[in-house]
Amino acid sequence: MPGDVGLRAANAVEVADLRVRYRTPDGWFTAVSDFSLTVSSGQRVAIVGESGSGKSSVCMALAGLLPLGAAVEATTARIIETDLTARPTRAIPYQVPGVSVVFQNAMNALDPVWTVGSQLGTAIRGRGATSRARARVLAGEWLERVGIRDPARVLRARPYELSGGMRQRVMIAIALCSQPELLIADEPTSALDVTLSVDLLELITSLTADLGTTLLMITHDIGLCRAYSDRVVVMHRGRVVEQGDTEQVLAAPSADYTAALLACAPSLGQLNDHRLTTMVGVS
Amino acid sequence: MIARLWRSQRWWIQRVALLPVHLFLFAIAVFFLVRLIPGDPVLIIAGSDDLTADQYERIEVLLGLSGSLWHQLMVFLGRVVTLDLGRSLIDGQDVQEQIAWRLPATIEIALIAMVIAIAVTLLLCIFAMLHPHNPVARFAAFYARSAGAIPDFVLGVAGILVFYTVLGWAAAPTGRYDAGLRPAPRTTGFPFLDALLSSDTVLLSSMLAHLWLPVLVLVVGSAPTIMKVLQRSIEHAVDDEATLFRIASGVPRHVVIVSVLRRASPTMVTMCGQLFGFLLGGAVIIEQLFAIPGMGQYAVQAVGRADFLALQAFLLTVAACVLVVFLIVDLVNMTLDPRRRPGVMVEGNA
Ligand SMILES: Nc1ncnc2c1ncn2[C@@H]1O[C@H](COP(=O)(O)OP(=O)(O)O)[C@@H](O)[C@H]1O
Ligand SMILES: [Mg+2]
């Protein structure tokens, strides 16, 4: 609820001089360097850049989910209440408290062998004390909230029995049902067709707005930023080339790279202007 | 209602129904296999060439070798279905009775070894998954790489040398318990279980003293095989996006670990099925080394004496055991990973 916002830390993300390196057979490969970002609570920030520019590396670093073969350094890295620089690295990482993630392809992100009901149920119960029966009811409600019309059937289904759009909705429900303070969405709709991805982006932005969740969304489509972000960070080859207010950056890009991205952006940005008031449909 | 039940339960009913079909096909394979053994079984069993036509025919009938191949096959299948595998012409013992007391004895050792191997493997792999840089984890990785490097009989001989001859920790390799002790009354047919049930402590401690070394040899020899498989599939499952998403959705630690293990386990379950086959085979060697009466001894004896009926029954029994184990493997895997159930379509982008 928007009323909660006052209780939260002023900044959801405070990162300075983030560097991400991967150990490869021919030495260390630097995927991200000199990355600084501050996101105040409740803001929607988009990170854009071409494929391979280091967007996912930033995401996973902020979510604390990079594998052991990756080295993360930063002068400051505070996410919600957690100081990332003080966290030990683990083979199987721990969640950064209050941070949820949505991935590009729910087919890979959802657990293939458990039912949707079980996965959503465990996420709702989290580490809290909700009873199984209560979690089941809440799970049905969450499925309705993300626009699924027959929650009873979907709860019993396994991910591979659903359509691509439904799976993506289920993933969003699982990510948001714990009411996280920060949602990191790594190209949440790139695998879907245009109309579906606009529907889902509206779903994500409206749900995060309802929950007062800060949104950090990654996309390689700069056109999408206009309607779904307050601020935009443009990345190129692991570095930030430009960041600022979305309207300003898109209207008058100061970096050549941003201008180039804008010039070749697909028409999604224009499309969603007409669809801003569209109801969230079922895929 | 019935239709719905059928649709949801079909996957295991169909699989179970396949078992008799598989058994039938294997029985036919055994039928031809034993007929490929060179030499005339009748003459080998009679031990001489000068038989009267009448005598020859009588033995032929007893062995199920009279008449056309088709007729022989029908007789054979009839005997298999009625579980009447005959009486050995060499020692006059009922083949079935022999197998009925030897099979549980062998299965018992193989099963104990397998349960211990699986437990050790799971513990080491879970530990290594959580603490990959710990020396114990490094040892586990090294041990897993040694899979199949040392044959069972080498381990067996080395074990006897070290633990019996030098250290004297194990009892002499002279059977399941000390000579002179009486076996426990037969209740389940599994000798160790019977001893446990009879609460005959002298017998039980003698059995423990005799059996720990052969079981250890089987465990040490077989654990790396499943460990190698499980370690690799755990590594894959940990790196999977599904694990990251589970973590990021804020579930308790044990849910994450169970999720990883469930995704990683089907390959290990399959491996365990094969391992059980190896263990039955390994038990043959171990039984010889430690003079433990069981299926292995029986097979060696049957081959040595060209006991046609005993050999045939041995092959049938082993085939049946392996088929039942594969049935269990399939059912467990289809339960763990429903995508393996027949008729399940999965998009090919995983
Ligand atoms: N686990 C890894 N090991 C080695 N290199 C990696 C790994 N993950 C990503 N990279 C490299 O880091 C760079 C940035 O990748 P990524 O963060 O996935 O970019 P994006 O999400 O913008 O496409 C790429 O060149 C990629 O090849
Ligand atoms: Mg990416």
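**Close-up views of a predicted two-chain model**

Figure 1. Val220(B) belongs to helix α9 of chain B; helices (H or I, at least four residues) and strands (E, at least two) are DSSP runs, numbered from the N terminus. The model is predicted, so that local features need pLDDT of at least 70 and side-chain atom pairs count only at pLDDT 80 or more, whereas totals for chains, interfaces and linings use all residues. Residues are numbered from 1 along each chain as its sequence is written, chains are lettered from A and ligands numbered from 1 in the order in which they are written, and side-chain values use heavy atoms, with hydrogens and water left out. With a relative accessible area of 33%, Val220(B) is partly exposed; buried means under 20%, exposed over 50%, and partly exposed in between (1.4 Å probe, protein chains only). At least two residues of the patch come from each of α7 (152-166) and α9 of chain B.

**Figure 2. Salt bridge between Arg44(A) and Asp230(A).** The closest N and O atoms of Arg44(A) and Asp230(A) are 3.1 Å apart; a salt bridge requires a side-chain nitrogen of Lys or Arg within 4 Å of a carboxyl oxygen of Asp or Glu. The partners are 186 residues apart, with Arg44(A) in strand β3 (residues 44-48) and Asp230(A) in the loop between α8 (225-228) and β10 (231-236) of chain A. Arg44(A) is partly exposed at 23%, and Asp230(A) is partly exposed at 30%. Over all chains, the structure holds 12 salt bridges.

**Figure 3. Salt bridge between Arg246(B) and Asp111(A).** The side chains meet at 3.3 Å, N to O. Arg246(B) lies in helix α10 of chain B and Asp111(A) in the loop between α2 (106-109) and α3 (116-125) of chain A, so the pair joins two chains. Both residues count as buried, Arg246(B) at 6% relative accessibility and Asp111(A) at 0%.

**Figure 4. The largest pocket.** About 910 Å³ of space lies in the largest pocket. Its lining has 36 residues, with Leu68(A), Ala91(A), Glu235(B), Val238(B) and Asp239(B) nearest the centre. Two or more residues each come from β1 (11-24) and α1 (55-62) of chain A and from α5 (95-130), α6 (135-145), α9 (201-239) and α10 (241-248) of chain B. α9(B) gives the most, with 7 residues. By class, the lining has 21 nonpolar, 7 polar and 8 charged residues, where Ala, Val, Leu, Ile, Met, Phe, Trp, Tyr, Cys and Pro count as nonpolar, Asp, Glu, Lys and Arg as charged, and the others, Gly among them, as polar. On a 1 Å grid over the protein atoms alone, a pocket is an open set of points where a 1.4 Å probe fits, with protein on both sides within 12 Å along at least five of seven lines; lining residues have an atom within 4 Å of a point. Grid points are joined across faces, edges and corners, and a volume is the space filled by probe spheres set on the points.
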